Amino acid sequence: MKNLFENEQEQWIPWEVAYSLRNKKIGDRISRPNGMLMVVLPDRNGQYDYYIQDNTCNYCKCRTLHTNFLFPILRKNTFNHKNKVEADCDQHSISPVYIGDHSYIESVKWEDFIKNPTTYLNNATRKRDIIEDFNISKMLSDDLVV
């Protein structure tokens, strides 16, 4: 869904994410940001490892998210809990492994989402209610705010 040949400001996904994360005054009330969920679709071969790799450590069975190719607004809203908790695994010297609510925008494989969508949607709603626990980025890129 990311077009590598277009500028980010011209693509719809970052705009939708930014719009969903804003507060908006409607009459006398202010709407809150939406809960967010990143449902990851499989590639042509039915694999998810282009983004999600499970069991990347033989000790803690963690998973790796390859966030480097995400739109900046998505990347900045993953691993953005103000008080991330690191797993107690000494096998990770390059990057830490976080447990619990480490990201406002949770990543879930499509095959897991369709097995129990209510769980994931409820979790996104719960995070919306505790949004102040996260460092939320509403910026499309380093210089453009919606």
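Colleague: How many salt bridges does the count come to?

Modeller: The count comes to four salt bridges, where the rule asks for a side-chain nitrogen of Lys or Arg within 4 Å of a carboxyl oxygen of Asp or Glu. Before we go on: this is a predicted model, in which local features need pLDDT of at least 70 and side-chain atom pairs count only at pLDDT 80 or more, while totals for chains, interfaces and linings use all residues. Residues are numbered from 1 along each chain as its sequence is written, and side-chain values use heavy atoms, with hydrogens and water left out.

Colleague: Thanks! What makes Asp54 and Lys109 a salt bridge?

Modeller: The closest N and O atoms of Asp54 and Lys109 are 2.3 Å apart, so the pair meets the distance rule. Asp54 lies in the loop between strand 4 and strand 5 and Lys109 in strand 8, so the bridge ties together parts 55 residues apart in sequence. Helices (H or I, at least four residues) and strands (E, at least two) are DSSP runs, numbered from the N terminus.

Colleague: Why does Lys109 count as buried, and why is Asp54 called partly exposed?

Modeller: Buried means under 20% relative accessible area and exposed over 50%, with partly exposed in between (1.4 Å probe, protein chains only). Lys109 has 11%, so it counts as buried. Asp54 has 40%, so it counts as partly exposed.

Colleague: How do you know that both faces of strand 8 are covered?

Modeller: In a regular strand the side chains alternate between the two faces of the sheet. In strand 8 (residues 106–109), Glu106 and Val108 on one side and Ser107 and Lys109 on the other are all buried.

Colleague: What pairs with strand 8, and in which sense?

Modeller: Strand 3 (residues 37–40) pairs with strand 8 in the parallel sense over four bridges. Pairing takes at least two DSSP bridges, so the label holds. Lys109 turns up again here, as the bridge partner of Val40.

Colleague: What joins Asp101, Arg126 and Lys127 into one network?

Modeller: Let's take the bridges in turn. Asp101 and Arg126 have their closest N and O atoms 2.8 Å apart. Asp101 lies in the loop between strand 7 and strand 8 and Arg126 in helix 4, so this pair ties together parts 25 residues apart in sequence. Lys127 and Asp101 come to 3.9 Å between the closest N and O atoms. Lys127 is also in helix 4, so the second pair ties together parts that are 26 residues apart. Salt bridges that share partners join the three residues into one network.

Colleague: Why does Lys127 count as buried, and why does Arg126 count as partly exposed?

Modeller: Lys127 has 4% relative accessibility, so it counts as buried. Arg126 has 35%, so it counts as partly exposed.

Colleague: On to the rings. How many aromatic pairs does a search of the whole structure find?

Modeller: The search finds six aromatic pairs. One of them is Tyr50 and Phe69, with centres 6.2 Å apart and planes at 50°, so the pair is tilted. Tyr50 sits in the loop between strand 3 and strand 4 (52–53) and Phe69 in the loop between strand 5 (64–65) and helix 2 (72–75), 19 residues apart. As for the cut-offs, rings of Phe, Tyr and Trp (its six-membered ring) pair if their centres lie within 6.5 Å; planes under 30 degrees apart count as stacked, over 60 as edge-to-face and the rest as tilted.

Colleague: Why do Tyr50 and Phe69 count as partly exposed?

Modeller: Tyr50 has 36% relative accessibility, so it counts as partly exposed. Phe69 is also at 36%, so it gets that label too.

Colleague: What makes the pair of Phe79 and Tyr98 tilted?

Modeller: Phe79 and Tyr98 are 5.8 Å centre to centre, with 45° between the planes. Phe79 is in the loop between helix 2 and strand 6 (85–86) and Tyr98 in strand 7 (residues 98–99), 19 residues apart.

Colleague: What lies over the face of Tyr98?

Modeller: Lys84 does, at 5.3 Å from the ring centre. The rule wants NZ of Lys or CZ of Arg within 6 Å of the ring centre and within 35 degrees of the ring normal.
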